[in-house]
Amino acid sequence: MKKKALSLLLAGVMCIGLLAGCGGQNTEDTQGSGSTPDTSSTQESGNKTIDTLRIAFVPSREPEEIITATEPLKQMLTDELAKLGYDVGEVDITVGTSYEAVGEALAAGTADVGLIPGGTYVLYDDGCDVLLTATRDGLSIDSDNAKDWNDNAPTEPTTEQVTSYRALMIAGPSEKGKELAAKVNAGEELTWEDVSSANWSVANSSSPAGYIYPSLWLQENFDKNITDLPHAVQSDSYGSAFARLASGQVDIVCTYADARRDYEDEWIGEYGMTNSIWDDTAVVGVTPAIYNDTISVSKTSPIMDDDFKAALSEAFINIGNTEEGKEVIAIYSHNGYLPAKSSDYDSERAAQEMIQSLNSAG
C-alpha cells in the first residue's frame, strides 16, 4: 500500500475513541437553533441560572443503543450543579453527525460541552479547552523502559484509576524475537537494523495501539515509521496477531499493554504453546502514554467562564465516583474522570504531525 493511502487512513483514526453518541437530536440541528443560554439571573438561593447546558457526543455508536442508558445523566448533572451553585433549566444531549461536527460545534460555541477523544480535541483545541480525562483501571507496570515490563512480569490489574495506557511492541518465541528480547534485557538499545530485520504484525491504520503509536515510537527512535518496515503484515485482530507470534510467523506484535492478560489462556490452549505467554514473550518497545477520551468545553460558549468550568468539572468527577454514575458512563467505556491539561495530549499532537509528514512525503 502506498504511503499516501496509509496516511489518509491514519488521518481518520485520530478521531476514533471509545465514546458513544446519544440523544434524539443532531448536533448540526443544535447549531441552527440560535439559542443562547441565559446566565444573567440569580435564584433566591444564590444559585446562578443557566437555561440550557448543551452537551454533544461523537457518533461512535448508534444513538438508539445508548439513549436509555444516558438519560439519567441529565438529572445527575442538574442535581450536582445545583449543589455547586448553578440551577440548570435543561441539559440538552445531542449526537454529532461526525467527530468533526462536534469539534466544530465546540469551536463555534453552539455546543457547550463535548465528550470527545483526544484526537478530536487536539484538532480543535483552538476552539475548546480540555477539562477532564476519562479513567480506566490501571496496571501494575507503567514504565517507558521495556526492560521494566520484563523484569516485573506478569502484568497485573490494579484498582488505581489512570488517565492513559501504553502500547507495547512484544517479541515472541521465534529466533529473532528471542534475539531482540535478549538485547533489551541486557540493557542494550535496539538499532534500526534490529527492528527492520524482524517480521512485524501490525493492526489496521485506525488503531492507536496497533499502528499509530508504534509508528510514532519508530519515528522518535529511528526517524522511521511502520510504512518503512520491510516485513510488516496486517493482522485482522489481536487474537490472530498473537497466534502468528506463537507460531513464529512473526517476531513482533504491536498491541495494547494488557493484551497478554487477555490472551493468556489461548496461548497454551488454542495456540498450542507449552510455556506461558509471560515466559515466551518479552517487551522490546514502549510507546508514549496514550491519553484517554476527554470532556472538553467550548472557548466561545457564553456560559463557560472559569467558575462554571470548575463547577462542571467537579460535577462530572462526583458523578463518576458514584455507582449510579459509573453505570451511565460505562456506555462510553469510562470508569470516572480526573482533571486534565492541554500538555497531556502532546503525544496526540506529535501523531498529527506524523500524519501531516506522511501526507507531505506522499
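Why does Asn152 count as partly exposed?

Analyst: Because its relative accessibility is 47%, and partly exposed lies between buried (under 20%) and exposed (over 50%), using a 1.4 Å probe and protein chains only. Bear in mind that this is a predicted model, where local features need pLDDT of at least 70 and side-chain atom pairs 80 or more, while totals for chains, interfaces and linings use all residues. Numbering runs from 1 along each chain as its sequence is written, and side-chain values use heavy atoms, without hydrogens or water.

The Asn152 side chain reaches back to the backbone oxygen of Asp148, at 2.8 Å. Ser140 is 12 residues away in sequence, with 8.6 Å between the two C-alphas.

The top contributor is α9, with four. That pocket holds about 380 Å³, the space filled by probe spheres set on the grid points. (A pocket is an open set of 1 Å grid points with protein on both sides within 12 Å along at least five of seven lines; lining residues have an atom within 4 Å of a point.) Its lining has 18 residues, with Asp144, Asn145, Ala146, Glu189 and Val284 closest to the centre.

Key
On a 1 Å grid over the protein atoms alone, a cavity is a set of points where a 1.4 Å probe fits but cannot get out, and a pocket is an open set with protein on both sides within 12 Å along at least five of seven lines; lining residues have an atom within 4 Å of a point. Helices (H or I, at least four residues) and strands (E, at least two) are DSSP runs, numbered from the N terminus. A polar contact is a pair of N or O atoms within 3.5 Å; within protein, one must be able to donate a hydrogen and the other to accept it, and residues adjacent in sequence count only if both atoms are side-chain atoms.
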